[in-house]
Amino acid sequence: MSNKQSIINKICEVGIVSVVRAESSDKALQIADACIEGGIPSIEITFTVPRAHKIISDLAHNYLPGEMILGAGTVLDAETARIAILSGAQYIVMPYFNKDVVRLCNRYAIPCMPGVMTIKEIVEAMESGADIVKLFPGEMYNPGMIKTIKGPLPYAQIMPTGGVDLDNIGEWIKAGAVAVGVGSSLTRGAQSGDYASITELGRKFIAKIKETRQLMSSTS
């Protein structure tokens, strides 16, 4: 199995990516630490964070291989993707479909997840070599959208991001999402310095994913 496929498998196995947005690198690092302590090793550092590439580099050095699945998010162009990869990012997430970014990721065998909203975009992203398509913004849809997509596109691997919380994550997983991207509903405690709440919520998200998958397995 290639390292690229191994990373994709790990993300799907965990079932959740923590989307880290913060106004400082210190806060971003503390959020990442809290998520990992809560059982969420898949961390996406967005390029809206100041000096995001430095945070990615620091995290890549602070954690041993296997302790963290480290990605870069809000990647808008191939140049930023390359900087992220050189800094230690193991996967790239985009808010929209950019063929140049997908091409670059494929060149360096890095998983990529472009943002999509329509069937046409999903097909174009898959044909270009996208590994997982990020249904974004997720709050524009409900979990039934995944069933709709998988009708004509049964092989699409879909990760809804935006609007996913503890109340609906089970429905997204049950609908067929291979993973979900979760931001403020997980990390909002950082605004008041309450990183313990992030760890606690992380554990609840992980438990909900496991519970839903177990129920799906027992009824299949």
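Colleague: How many bridges join S2 to S3, and how do the two strands run?

Modeller: Five bridges join strand S2, residues 42–46, to strand S3, residues 69–73, and the two run parallel. This is a predicted model. Within that pair, Ile43 sits opposite Leu70 of S3.

Colleague: What is the strand order in that sheet?

Modeller: The order is S5-S4-S3-S2-S1-S9, an open sheet of six strands with parallel pairing. Strands S5 (112–113) and S9 (180–182) are at the edges, and each has a single partner strand, so one side of each has no neighbour in the sheet.

Colleague: Which strands does S1 pair with, and over how many bridges?

Modeller: S1 is joined to S2 by three bridges, running parallel, with Ser18 opposite Ile43 in S2. S1 also pairs with S9 over three bridges, again in the parallel sense. There, Ile16 stands opposite Val180 in S9.

Colleague: Is S1 mostly covered or exposed?

Modeller: Strand S1, residues 16–20, is mostly covered, with five of its five residues buried. Ile16, Ser18 and Val20 point one way, Val17 and Val19 point the other way, and all are buried.

Colleague: Back to Val180. What does it touch?

Modeller: Setting aside residues up to four places away in sequence, Val180 touches Gly15, Ile16, Val17, Met159, Pro160, Val164, Ile169, Trp172 and Ile173.

Colleague: Which residues touch the most other members of the largest nonpolar core?

Modeller: Ile16, Ile45, Leu59, Ile92 and Val180 do, in a core of 77 residues. The element that gives the most to this core is helix H2 (residues 25–37), with seven residues. As a general point, nonpolar side chains tend to be buried together in soluble globular proteins.

Colleague: What about H1: how far apart are its end C-alpha atoms?

Modeller: They are 17 Å apart. Helix H1 covers residues 3–14, and at 1.5 Å a residue its 12 residues should span 16 Å, so the two values agree. Buried residues in H1 are Lys4, Ser6, Ile7, Ile8, Ile11, Cys12 and Val14. Just after H1, Gly15 takes a positive phi of about 90°.

Colleague: And Ser185, is that buried or exposed?

Modeller: Buried, because its relative accessible area is 13%. Ser185 lies in helix H9, residues 184–187.

Colleague: What does its side chain reach?

Modeller: The Ser185 side chain reaches the backbone oxygen of Val164 at 2.7 Å. Apart from neighbours within four places in sequence, Ser185 is in contact with Val164, Asp165, Leu201 and Phe205.

Colleague: Last one. What is the order in the sheet of three strands?

Modeller: S6-S7-S8, an open sheet with parallel pairing. S6 (115–116) and S8 (158–160) are the edge strands, each with a single partner strand, so one side of each lacks a neighbour in the sheet. Two bridges join S6 to S7, residues 133–135, and Gly115 has Lys134 in S7 as its bridge partner.

Note on methods: Residues are numbered from 1 along each chain as its sequence is written. This is a predicted model: local features need pLDDT of at least 70, side-chain atom pairs count only at pLDDT 80 or more; totals for chains, interfaces and linings use all residues. Side-chain values use heavy atoms; hydrogens and water are left out. A nonpolar core is a set of buried Ala, Val, Leu, Ile, Met, Phe, Trp, Tyr and Cys residues joined through side-chain atoms within 4.5 Å. Buried means under 20% relative accessible area, exposed over 50%, partly exposed in between (1.4 Å probe, protein chains only). Helices (H or I, at least four residues) and strands (E, at least two) are DSSP runs, numbered from the N terminus. Contact means heavy atoms within 4.5 Å. The expected span of a helix is 1.5 Å times one less than its number of residues. Two strands pair if DSSP finds at least two bridges between them. A polar contact is a pair of N or O atoms within 3.5 Å; within protein, one must be able to donate a hydrogen and the other to accept it, and residues adjacent in sequence count only if both atoms are side-chain atoms.
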